[in-house]
Amino acid sequence: AQAHRQARLNFDSDARVVSANEEIGKKVSSLSGKEVSFAASKGTKDAWENSVETRLNGIPLENAGAGSQSITGMEIALSGGRESSGVVLVEEPEAHLSHSAMSELLEALPSRARGRQLVVSTHSSFVANKLDLRKIICLTDMSATRPFESLDEDDVLFFSRLAGYDTLRIVFCRVAILVEGDSDELIVQRAYRDAHSGRLPIQDRIEVISVGTSFLRFLRLGEMLGRRVVAITDNDGNLKKIREKYRGYNVLCDHSAKTALSHPETVAVSYPGDLLSKGSIENYSYNTLEPELFEANHLDGINKILGKKFEHRDDALRHMKSNKTECALKFFNYEDRVAFPGYIQEAIKFACFDEGTPGHGE
C-alpha cells in the first residue's frame, strides 16, 4: 500500500504529466475559473488491490491454470501464523490438480498449518488416505460420523497405505460388493446388468470394489458404517476353512434355500457351498471363478461365449486360467444369454435388499 501511494506521487511529479498539465491549462479555460489538471486517483486505502496483480512466472494469476490458482491460494492462506488465524479451511484440494501435484500438496499441508486447526473437505479417497484417517468426519444428511475412529490400529494402517485408495468408496456408496480381482469385477458387473434391465451397479450407487484378499477389513469397516456390504469369494476347495474364516458373518450359499430377501443384516459373505469335481490340471484349484462359470454354462456355452472349439472341460479351463481378464471381458461383452453361478446371484440379491433399488424384485 505504501509503495502504491509513492507510485501515485511519482506519477503526479513525472515530467511528462507536469508538461501535460501545463498544456491542458493553456488550452482549457474552465467556466468556473478553476484549473484543470491530471493526477493519479487517490481512491481508498485499499485501492492498490485493484491496480496491482499477482503473477506466476510473469503470467497474471487469473490467466494461470486453475490448479496453480488453487495451490497459490492455499499457500497464501497457510503462510501466516496462529496470530493471523486459528483455523484454515481448505475446500476440495484435489480440484484441478494432477496426481503428482496433489501428492506434493498433501505432503506439505500438515506442516504448513503451523499449529492451526486445518479443516479439509474432500470427495477423494486419495486425499483421505494421505491425511489422518482417524480424524475423518463423514457428513450425510443431518448426521456426522467418524467411521475410522474405532478401527483397530492395524486396519487404520492398512487403509492409510492402501495402494488403490478405495477407502472412501465404501463410505460414499449406498451398497458395496467386494470382489477379489478384475475378472471377478467384470463378471459381477455383467451379472448385475442382466438382472437389472441393462443398468450397471454404479448407476444405482452400488460400488463393485476389488479388494484382493482383504475382505475381512472391508467387512469390518462396512459394519461400523452400517453400510450394506457383501463379499463374493471362492471357497478354494476348503469349506471348513472358509466357514471358520467368516464365522459370525451372514453367509449366502448357492445351495441354500434361504434368499437374501429373508436376511435384513447389512453385511454378508457369498461363496459356493459345494465343491466341484477335479480334473487333470496340475496345481490348479477347481473351486475358483472360472470352473464355477464353466459349471454354470457348460462346454457348449463356454465355446460360444469365448469363440472357441474346446472339446474337453480341462482344455477350456486351461485357457481361462491363462487369460483370466480377457475371458471375463468376453463374458461381459457377450450379446446373448450368460448363466452365472448361484453364489454370485445370491450376492446381488442381497445387495439389492433395499426396496429403493431400481430393478428390485426383477
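1. A nonpolar core here is a set of buried Ala, Val, Leu, Ile, Met, Phe, Trp, Tyr and Cys residues joined through side-chain atoms within 4.5 Å; buried means under 20% relative accessible area, exposed over 50%, and partly exposed in between, with a 1.4 Å probe and protein chains only.

2. Beyond its neighbours within four places in sequence, Ile 344 is in contact (heavy atoms within 4.5 Å) with Ile 187, Val 188, Ala 191, Ile 232 and Leu 289. In soluble globular proteins, nonpolar side chains tend to be buried together.

3. Now the overall picture. The protein has 15 helices and 11 strands, taken as DSSP runs (H or I, at least four residues, for helices; E, at least two, for strands) and numbered from the N terminus. The C-alpha trace spans about 110 × 45 × 40 Å along its principal axes. Its radius of gyration is 32 Å, whereas a compact globule of 362 residues would have one near 21 Å; the value is taken over C-alpha atoms, and the globule rule is 2.2 Å times the number of residues to the power 0.38.

4. Of the 362 residues, 41% count as buried. Among contacts between residues at least 6 apart in sequence, 69% join residues at least 24 apart.

5. His 96 has a positive phi of about 70° although it is not a glycine, and it is found in the loop between strand 3 (87-91) and helix 5 (99-112). His 96 counts as exposed because its relative accessibility is 62%. Arg 205 also has a positive phi, of about 60°, without being a glycine; its place is in the loop between helix 9 (182-195) and strand 8 (206-210). Most residues other than glycine have a negative phi.

6. A word on conventions. Residues are numbered from 1 along each chain as its sequence is written, and side-chain values use heavy atoms, with hydrogens and water left out. As this is a predicted model, local features need pLDDT of at least 70 and side-chain atom pairs count only at pLDDT 80 or more, while totals for chains, interfaces and linings use all residues.
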